[in-house]
Amino acid sequence: MPADDDRPAGLHGAETDATYDRAGFGAAVPRGSRPALVVVDLTRGFTETGFASGSDLTREVTAAAVLATTARQHDVPVIYTAISYTPAEADGDAIAWLRKAPGMRALREGSDEVALDPRLEQHPGDHLVLKKGASAFHGTGLATLLTSLGTDTLLVCGATTSGCVRATAVDGVQCGFNTLVVREACGDRARGPHDAALFDLQAKYADVVGLYDALAYFDRLSGRDTSEPLAAAGQRAGS
């Protein structure tokens with residue numbers, strides 16, 4: 001997808017802004033002291049163009065790697081998610097979503113499509129949640145895991161913005177967590193759905209924040225400087 005940029009407020013025009021203001025949307029989300037990072041579906045089937053369901057998410061994966069590295073430095077839990085179907089699920093009719101999106105049947109357990117993007121590191125202390133649908137909460141133990149970790153705030157990133165990221169962020173709010181969505185670490189197959197999802201999330205469910213804002217939030221937890229990993233990631237993305 002095209003590189004993200006800092007678009008001004010009013011993406012859909014002044015009339016839309018006024019309508020949403022009148023409805024009372026867009027208030028700021030509190031930042032708690034016990035955040036967790038949820039990296040949604042940055043698996044090869046979504047991040048590489050060689051797969052039918054994928055697109056080039058190099059920039060987004062790089063940003064997510066910075067978030068994960070920095071989260072660990074501040075003892076913030078890192079939770080990866082992946083869609084993974086058994087052969088019976090992939091080949092059968094038990095999963096309703098696969099009737100609408102049959103291309104997702106390729107996300108079979110053990111396949112390359114389900115593997116975490118190799119540009120991300122999964123450390124022994126990181127968690128992995130396998131799921132069957134868009135939301136990382138639906139039918140999984142994610143809410144219980146986050147509660148057990150004492151989480152009060154979620155930072156969500158990954159792919160796709162209009163699908164699994166949006167569904168996870170919405171369900172995160174509905175499960176009682178303050179939710180932030182990190183713009184530069186979210187990717188989609190096309191710009192229109194990406195922009196529309198971020199607009200709606202910002203209005204109703206989450207604060208859509210920049211990468212620097214998210215890193216500064218981590219800094220405030222312990223006063224540790226995150227500039228070094230960010231600079232290193234920028235060099236990797238440009239190489």
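Q: Which residues of β2 are buried on one side, and which on the other?
A: In this predicted model, Val78, Tyr80 and Ala82 are buried on one side of β2, and Ile79, Thr81 and Ile83 are buried on the other. Both faces of the strand are covered.

Q: Why two sets like that?
A: Because side chains in a regular strand alternate between the two faces of the sheet.

Q: How many residues of β2 are buried?
A: Six of its six, over residues 78–83.

Q: Which way does β1 run next to β2, parallel or antiparallel?
A: Strand β1, residues 35–40, runs parallel to β2, and four bridges join them. Leucine 37 stands opposite valine 78 of β2.

Q: And how many bridges are there between β2 and β3?
A: Five, also in the parallel sense; β3 covers residues 127–131. Threonine 81 has valine 129 in β3 as its bridge partner.

Q: Changing topic: which residues touch the most others in the largest nonpolar core?
A: Leu37, Leu67, Cys157, Val181 and Val182, out of 62 residues in that core. Helix α3, residues 58–73, gives the largest share, eight residues.

Q: What does valine 182 touch?
A: Leaving out residues up to four places away in sequence, valine 182 touches Leu67, Leu155, Val156, Cys157, Val209, Gly210, Leu211 and Ala214.

Q: Back to α3, is it mostly covered or mostly exposed?
A: Mostly covered: twelve of its 16 residues are buried. Among them are Val61, Leu67 and Arg72.

Q: How far does α3 reach?
A: From first C-alpha to last, 23 Å, close to the 22 Å expected at 1.5 Å a residue.

Q: What comes just after α3?
A: Aspartate 75, which takes a positive phi of about 60°.

Technical notes:
Residues are numbered from 1 along each chain as its sequence is written. This is a predicted model: local features need pLDDT of at least 70, side-chain atom pairs count only at pLDDT 80 or more; totals for chains, interfaces and linings use all residues. Side-chain values use heavy atoms; hydrogens and water are left out. A nonpolar core is a set of buried Ala, Val, Leu, Ile, Met, Phe, Trp, Tyr and Cys residues joined through side-chain atoms within 4.5 Å. Buried means under 20% relative accessible area, exposed over 50%, partly exposed in between (1.4 Å probe, protein chains only). Helices (H or I, at least four residues) and strands (E, at least two) are DSSP runs, numbered from the N terminus. Contact means heavy atoms within 4.5 Å. Two strands pair if DSSP finds at least two bridges between them. The expected span of a helix is 1.5 Å times one less than its number of residues.
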